Amino acid sequence: MVTKEAKLKKNYLDKDVEMISTREGFGQGLVELGEKNEQIVVLCADLTDSTKTSPFRERFPERFIQVGIAEQNMANIAVGLSLQGKIPFLATYAVFSPGRNWDQIRISGCYNRANVKYAGAHSGLSVGPDGATHQALEDIALTRVLPRMTVLVPCDAEETRKVTHAAADINGPVYFRYARAATAAFTTAQTPFKIGRAQVFRDGDDVAIIGAGPIVHTALVVADRLVEKNISCRVINSPSIKPLDGETIERAARECKALVTCEEHQVTGGLGGAIAEYTSKTFPVPINFIGMQDSFGESGQPNELLKKYKMDAEAIEAAVLAVVKRKRT
Amino acid sequence: MKRLTELKDLRRMASTLRQDVIEMLVEAKSGHAAGALDLADIAAALYFNVLENFGPQEITNPDRDRLYISCGHTNPIWYAAMARSGFFPVEELKTLRKFGSRLQGHLERGSVPGIESSAASLGQGLSISCGSAYAAFIDQQRYQTYCVLSDGELDEGSVWEAVGFAGHYRLQHLTAIIDRNNIQIDGFTEDVMTKEPIDQKFEAFGWHVIDVDGHNIEHVIDACREAKAIIEKPVCIIAHTIAGKGVDYMEFDYRWHGAPPGGAETERAPKPEEQGKAALKQLRTLHGKIDNSDCC
C-alpha cells in the first residue's frame, strides 16, 4: 500500500493522472526563487526555451545571462558570480553540462567549493527523437564521482520544483537533472523532500524497487500489478543520489532481501551503482539493475525507446520476478 | 598593507620575490621555474602598488580588487607575493608542494587566505574573471577584476569563449594580463601552436589592447592605470617577458618551464646540484639581468 507519508495524489495510478514535464517544475521553481532571493542569477547557453529558463528571463532580465553556445565558459562565469555572493543556476542539456564542461565543474566548481547549481536538461532516454547524441545517460556518474558535489534526480514536476529550491538552500555545488517528456505528476506539495533522504512511497517486504526520476512512477505501477502475483513490493523514491539515504536503503535490503534499481541512466555509475556500493558494505543482497545496459540510445518516441531498452513496466516487472528468485532463503 | 610607491622599492621587492621562488623550488625539488620568475615584476606591481582595497585585512571587503590567477602552475611567485604582503608567514614558503602543506602544487582556494580561486587546469581563469566583472556590473560595484594568464594557455578554446563574452557584454573593470614569455612545456609557443597575432585577435573581439615590457614595473603600473581608465570595454595587457627572467641559464629556454633549479640539464646551466646556488647568486648580485634601469 502507498504510505501515508508519501502524500501522493489519490489518482496517481489512474490513466488520467496529469502529465507534466519535470522541466516545467524547474521553470516555476526558478521564478519562485528569483522572487524570494535577489542573489539568484540564471545562465543559459542558447537553449532558453527548452531548458525552461525563459520564464525567469522574462521576469528578471537583469539577472539572466545569455552566454551563447559555450558551456565551458558558462560553468566558470557561474563560478565567478558565485565567488561574489551570487547564487547562479546554469542550465543546458545534460549531454553538454556536465558532458562538455566536466573539468570546469571539477576544478573551479567543486575544488573551489563554489556555490553553483548545475541543472542538466533533457536527461535520460526519453528525450526521444533527437537521438543518442542528446540523450544524457552518463551525467549522474560524471557528477557523482566529484567530491563536494550534491546530486539530485527528481521524479516529477513538483519534486523538481522542490529540488530547485533545495539546491539554492545549501551552500556548495549541486547537480540535478530534469527531463523533456511529459510524465506523471503524481506527488503533491505535501510529499516530503529533503536532501539526503529517500521516501518510501509504497510499503512491501518481498522486494524493494528503488528509483530516481520519472521512472519511479512506472515502479509504482509495477508494484500495484504484482499484488496479483502475491509479490509485495516496496517502492522507494531516492532523489538524493549523493548524499544517499543509506539508512532507508539498508533497511530495505534487510527487510526485503532483494532490490531492483531503476533509472534512465547507464546501469554503471548512477543510482544503481551507488546502492550496490552502499549495500555491499552494509547488507549485501541480490540486486537487479534497470537502466541503459552499456549502449547508446537512438531516435524514437519515449515509449518506444523505454520498451526497447527495457526501462518500461514490463522490464521492471521481469527484473522484480528475477531478483525474487535470486533471494537467499 | 603598505603600498610601495618608490620604483626602487618595487624593484627590490621583485628581486626578493625571485629569490623566494628559487628557494621554494630548490626546497620543493619540483615545480615551474620559468613563468614564476618572469612574472616577478608584474606580481610586485600588482600586490604592492596596483591592487586597491587589497591585503590580508581586506579578504572579505566587497570593494577589494579581485586577482584571478589562471596559470596556476606559476604559483610560487604568487605564494611569495602573498607571504611578503602578510597573508601568511614567509617561513611557510619552504613547505611548497610538501605533504601536509597549505601551499599545494597548484593554487587551492581556501588553503591560505587571499587565493580568490583554485587554478591549474588551463583556460579557466578568464571565464571566472568574467563572472566576477559581471557580478560587479549587476551590483554596480567599482572594483577592478584582474586575470593573469599565460601565453601557452591561449591554445585553450575556452579562453576564446571568455574573450568573446567579455567583448560582447563590453565588460567594464576587467583587465587581462597575458604573460607573453614565448614558451610552453613542449617548446617555443609559435612552434607548438601559433598564438599571434594576439593583439589583433583580442581587438577583433572588442577588447582594448596594451603592449608593455613586463619587466618594466613602471610601465606595468601605467598600463594597469590606463586599463582602469578605459571603461567602455575590457582591456588586455600583453606583458612581454623573458622566460626565466633573472637567472641567466634559464632565460629564453623553454626547458625550464616545468623544472625547478636542479631539475634539468642544459648547455648553459651548471651541474644540477649547483643550479640553485648559481641562480640565487645571480639574483643577489644582479648579474641575472633583473635591473631594469637601462630600459626605464
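**Exercise 1. Describe the contact of chain A with chain B in this predicted model.**

Step 1. Count the residues. 26 residues of chain A are in contact (heavy atoms within 4.5 Å) with 26 residues of chain B.

Step 2. Take the area. The two chains bury about 2,100 Å² between them, 49% of it on carbon and sulfur atoms. Buried area is the accessible area (1.4 Å probe) that two parts lose on being put together, summed over both. In chain A, N73(A), Q84(A) and Y111(A) lose the most area to chain B, together 26% of what that side buries.

Step 3. Look for charges. The rule finds one salt bridge across this interface; it requires a side-chain nitrogen of Lys or Arg within 4 Å of a carboxyl oxygen of Asp or Glu. K86(A) pairs with D139(B), their closest N and O atoms being 2.6 Å apart.

Step 4. Assign the elements, taken as DSSP runs: helices (H or I, at least four residues) and strands (E, at least two), numbered from the N terminus. Strand 3 (64–66), helix 3 (71–82) and helix 4 (102–111) of chain A each supply at least two residues of the side that touches chain B. Helix 3 of chain A gives the largest share, eight residues.

Before going on, note the conventions. Residues are numbered from 1 along each chain as its sequence is written, and chains are lettered from A and ligands numbered from 1 in the order in which they are written. Local features need pLDDT of at least 70, side-chain atom pairs count only at pLDDT 80 or more, totals for chains, interfaces and linings use all residues, and side-chain values use heavy atoms, with hydrogens and water left out.

**Exercise 2. Describe how domain 1 of chain A meets domain 2 of chain A.**

Step 1. Size the contact. Domain 1 of chain A gives 32 residues and domain 2 of chain A gives 36. Together they bury about 2,400 Å², 59% of it on carbon and sulfur atoms. In domain 1, L125(A), L137(A) and R144(A) lose the most area to domain 2, together 30% of what that side buries.

Step 2. Find the salt bridge. There is one across this interface. R144(A) forms a salt bridge with E277(A), the closest N and O atoms being 3.0 Å apart.
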